[in-house]
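Please look over the model shown here before reading my remarks. I have set them out as numbered points, and comments are welcome.

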Amino acid sequence: MTAKALSQDPHRVTEEREKVLEVAIGREVRAFRKQQNMTVADLAKATGLSIGMLSKIENGNTSPSLTTLQTLSHVLSVPLTAFLRRFEEKRGAVHTQSGRGVEMEREGTRAGHQYQLLGHIGSNASGVVVEPYLITLTEASDVFPTFQHEGIETIYMLEGELGYRHGSEVYTLKPGDTLFFDADAPHGPEILGELPARYLSIISYPQAN
């Protein structure tokens with residue numbers, strides 16, 4: 001498979017100065033302008049501000065005055081506080097120490113299937129829910145391709161060997177292997193090749209409105 005260039009640098013902060021007030025305001029001004037299908041020139045004409053000044057505001061390179069924000073608020077038909085939304089947002093992180101994952105029972109779980117939820121963040125600005133599990137299968141585990149749910153799932157094999165079914169295909173998974181799939185198709189471990197088997201299962205799906 002030919003490597004494809006990533007659209008994002010995973011080692012780069014989304015906005016290098018995202019927590020800086022000016023950057024947060026600029027992002028909101030740009031977003032609201034685009035929602036109104038306005039160009040920078042359109043907004044400049046409507047507010048009386050120069051295109052250069054608006055570009056500096058949207059790029060977070062200047063601190064707009066309260067009067068300027070009030071003007072933008074009026075023209076874009078949003079409350080002034082809307083420009084501060086991203087600056088005030090809290091972004092959570094969950095640290096789960098080794099062996100401290102919450103043991104879960106998912107629908108269809110059989111004896112010998114151990115699910116540890118490694119962390120969970122509920123409602124968040126991304127609009128996506130991600131559930132990371134550490135799954136351990138032992139000699140006592142039943143095998144059955146029964147799971148079927150919304151979202152996208154990624155499996156990363158840590159230990160052992162499995163024949164993992166997705167739809168009509170069965171994939172042999174060994175340590176270091178990854179399986180990435182649409183979770184709406186029936187899927188699950190079908191062949192227990194080498195036990196114990198452990199793998200990470202990361203499920204992502206849109207959060208409910």
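1. Residues are numbered from 1 along each chain as its sequence is written, and side-chain values use heavy atoms, with hydrogens and water left out.

2. The average pLDDT (the predictor's confidence in each residue, from 0 to 100) is 80 for the protein, and 72% of the residues score at least 70. Among helices and strands (DSSP runs, H or I of at least four residues and E of at least two, numbered from the N terminus), confidence is highest in helix H2 (residues 40-47), at a mean of 93, and lowest in strand S1 (residues 102-104), at 58.

3. Over residues 14-19 the pLDDT stays under 50, although the model has eleven contacts (heavy atoms within 4.5 Å) for this stretch beyond four places in sequence. Where pLDDT is low, the predicted coordinates should not be read in detail.

4. In H2, the buried residues (under 20% relative accessible area, with exposed meaning over 50% and partly exposed in between, for a 1.4 Å probe and protein chains only) are Val-40, Leu-43, Ala-44 and Thr-47. They lie on the same side of H2, because they cover an arc (taken from the directions from the helix axis to the C-beta atoms) of only 105° around the axis. Their cover includes helix H1 (21-35), helix H3 (51-58) and helix H4 (66-76). Just after H2, Gly-48 has a positive phi of about 85°.

5. H4 buries Thr-68, Leu-69, Leu-72, Ser-73 and Leu-76. These residues cover an arc of only 140° around the axis, which puts them on the same side of H4, while Leu-66, Thr-67 and His-74 are exposed on the other side. The buried residues of H4 pack against H1, H2 and H3, and the residue that follows the helix, Ser-77, has a positive phi near 60°.

6. Strand S3 (residues 128-137) is largely enclosed by the rest of the structure, because seven of its ten residues are buried. S3 pairs (at least two DSSP bridges between the strands) with strand S2 (residues 113-117) in the antiparallel sense, over five bridges, and Tyr-115 stands opposite Ile-135 in S3. S3 and strand S7 (residues 187-206) also run antiparallel, joined by ten bridges, where Val-128 has Pro-206 in S7 as its bridge partner.
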